[in-house]
Structure formats: structure tokens, C-alpha cells
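The following exercises concern a single protein structure. Each task is followed by a solution worked in steps.

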Amino acid sequence: MSGTDTGLNFELTSEQTALRAMVREFVEKECPKQVARDLEASDSYPADLARRIADAGLNGIGVAVAYGGQGGNLIDQVIVCEELSRSLAGLTWLWGITVWSGAKAISNHGSDSQKRTYLPAIANGDLTFAFALTEADGGTDVLRAIRTTARQVPDGFLLRGTKIWSTTAHVADRIMVLARTSRHDKPSKGLTVFLVDRRSEGVTATPIPKIGMRSLGSCEVVLDDVLVPESDVLGEVDEGWSQILSSLNSERIMTAAMCTGILHGVLEDALEYAGHREAFGKKIGAMQAIQHGIADIAMKFHTAWLLTYRAAWLEQSGRPCGVEATMAKCLAAEYATEAADFGIQILGGYGYSQEYNMQRYWRDARLYRIGPITSEMARNYIGENLGLPRSF
């Protein structure tokens, strides 16, 4: 055995370090926390920020150079997601939905024509995507709840049904829709993914009022006999669920990266406030209860970081990572919510004020204990993979 080769390496490459520095500089200049707070409080989609993110080249991270992107891999996307989330929190999906859902799905499952058409436009910021999977009676039980159908006709497929919680569907150029194209004994069979033009006749997307990420808009999408040409079928007809499954681990890793970025933002704000706020004749950062709480936030941040990057490394290496990705997502979401809640406590009354960011971090992080997989279902999955009986 070598005395110097430990077999472990926790360092980013020089290119990844430069990428992190570039994204952090972009965030501080274009969307610092006070700007992000104002954007989040608005009912208007921040199209100008989306354009600036694309102009900085961030939409091309993970898109092959041959299709006009910057190249890079999942770890590079995790770095971008974490750095954006430190300020933008959940508004990071302004970047992530198109880059992760749209570009990744097309890169993995699209035809040559679809890749040539869509990927350069995504990388340039000229094309945005939304994803419509969940239905009203579904939640975690996605497969059994799908009622949206796609009926083949001479010109393509006619889609009919209703989806909910499709973020940015009211402004996206394309909506990825999972619909049932045939009946099978197994609910996972007979499903197909469609790249629906939002401007098609019969498409209506209406934002649902919610407590966080208000300017992004998460929508109810009604599809009333929407004609989709065969050229906008993604992958094979009836095999759509296998395409969705192939991206679940990446989705959980990216969600973990977002929550890790939120943890970083919470830690920064907690340290800054505790360092200048005085009570009982001294800085509150000198008080043991405050110090212990901030130390807990720091430990949660570093734990989430390690779990997230290890899961990303496993995925990028082509190794099994379902359990690790699920653990990272579950713990990062819970840690971010707990940390932001204590951050509100540190700020006292100001923590409840929209003039400060802590409440925004809490509202955004709280969602990710529910989606894209609930913490309860995450534990079910982990338990089953430890050899315990299936619980659902």
C-alpha cells in the first residue's frame, strides 16, 4: 500500500473551483440577497434575471459543447445550484427547471433532431421548460393517479387532462407532460413524455397561490384536446416512466444542492446578525445558546454538503446512488428547514419580518420536505433498501 495515496479526495478540480468563484461573483453582482428577497415577494416572473443567468453561460452547464453548451457534468451543475441558492433559495428553479429537467431529458432521451433544435436554444437562454407530472389526487402516488391521456390521431396525439404544481408553466416555452397512451396491468407501463408547446390551442396554465417562490408561479395546467405532433414525443411511446425514473436520482441530488445552498445562506445571515446585534450589554453571538444554535447550523451545512457531493460523485461515476441521493435530499431539506427556523429565532421579531431573508429561506426550504419526494417516502425507500419489508 502507498503511504500517501489515501484513496479519498475531497477537493474540487481547478476548473470547478473557478466555476464556483465565477457563479459567486455573478450572484453578488446580479442577484444578491436583497434583490432576491424583492424578486421573491413579487407576483411577476423575473424574466430579466433569467436572461442574465443565461447570458452568464449558466444555462449551458451540462449541455454538450457540440450543441452550443459549456459542457460539464452533474457535479458542475450542483456547484451552480448551490451557489445560486445561497442567495436565490428556491428561486434557483428559475435556472434549474430548464437546465435540469429540459436539457437533461432531451440530452438523455431526445432524437437527434430534438437535440439540434432544443439544446442550443436552452444553452442560449432562448427556450425555457416546465415539467408537468403531478395530478390533483396523486402526490407521492404518482402512477396510480395519472388521468391525463394522449390519444393518437393522424396528425399526432391529442392530450386531455389536468396537472398541478407545474412551476413556470405559465411562462415556459415548452411543458414536458407525462400522459397515459395505453392501458397496462402495471401502472408504470403505457406512459409517454410529450414536449408540449405552451402556446398550443387548448393549453391553460394558471399559477396557484403559495407561501414561497411566489414570483415563479407553480401552476395548474389544463390540457383540453391539445394536439402534439409526433416530432414532440420524447423517447419511445409507452416507455415514458422509464425515462422519468432515469432522472430521479439527479433530481434528488439537485434538490439537496439547493437545500445545501440555503443552509449556507442561513449560516451567513445568522453569523452576520449575531455579530452586530446587542442585548444585555453584549453581542448576542457571545451568548452560549446562540453560539450552540449557530454551531448546529454549521454542522448541518457541512453534513449536507458532504452527502450531496458524494451522491453527485457516485451518479457521475455511473455507480448505484439511489439510497445516497435520497439520503442527501431528505437530510438537506430537513436541515435547511430546521436551520432557517432557528435563524428566525436568532433574529427575534425581525426574523418574522419580510425585510430580512431568514423567513424566505424557511418558506422555500419547507417545500422540499414534501417534494420531489416526501421525507416519509424517502425513509420508506431507504428502509426497504436496508432489507426491511416494503411498507407501502
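## Exercise 1: Salt bridges

In this predicted model, a network of salt bridges links Arg20, Arg24, Glu28, Lys33, Glu82, Glu83, Arg86, Glu268 and Asp269.

Task. Explain which parts the salt bridge between Glu30 and Arg52 ties together.

Solution. Step 1: the closest N and O atoms of Glu30 and Arg52 are 2.8 Å apart, and the pair forms a salt bridge. Step 2: because Glu30 lies in helix H1 and Arg52 in helix H3 (residues 47-55), the contact ties together parts that are 22 residues apart in sequence. Step 3: Arg52 has a relative accessible area of 24% and is partly exposed. The search of the whole structure finds 26 salt bridges.

## Exercise 2: Helix packing

Task. Characterise how the axes of helices H10 and H11 cross.

Solution. Step 1: the axes of H10 (residues 288-316) and H11 (residues 322-347) come within 9 Å and cross at roughly 160°. Step 2: angles over 145 degrees count as roughly antiparallel, and H10 is therefore roughly antiparallel to H11. Step 3: the crossing of H10 and H11 is left-handed.

## Exercise 3: Backbone geometry

Task. Locate the residues with a positive phi, Asp238 and Phe280, and the cis peptide bond at Pro372.

Solution. Step 1: Asp238, which is not a glycine, has a phi of about 75° and is found in the loop between strand E8 (233-234) and helix H8 (240-245). Step 2: Phe280, also not a glycine, has a phi of about 55°; Phe280 lies in the loop between strands E9 (278-279) and E10 (282-283). With 83% relative accessibility, Phe280 is exposed. Step 3: Gly371 and Pro372 are joined by a cis peptide bond with omega about 0°, and Pro372 lies in the loop between helices H12 (358-367) and H13 (375-385).

Terms used: Residues numbered from 1 in each chain as written. Predicted model: local features only at pLDDT ≥ 70, side-chain atom pairs only at ≥ 80, totals over all residues. Heavy atoms only, no water. Axes fitted to C-alpha atoms, helices over the stretch in contact; angles between N-to-C directions. Helix = DSSP H or I, 4+ residues; strand = E, 2+ residues; numbered from the N terminus. Parallel < 35°, antiparallel > 145°, perpendicular 65-115°, else oblique. Left-handed = near helix turned anticlockwise from the far one by under 90°. Buried < 20%, exposed > 50% of the residue type's maximum accessible area, 1.4 Å probe, protein only. Salt bridge = Lys/Arg side-chain N within 4 Å of Asp/Glu carboxyl O.
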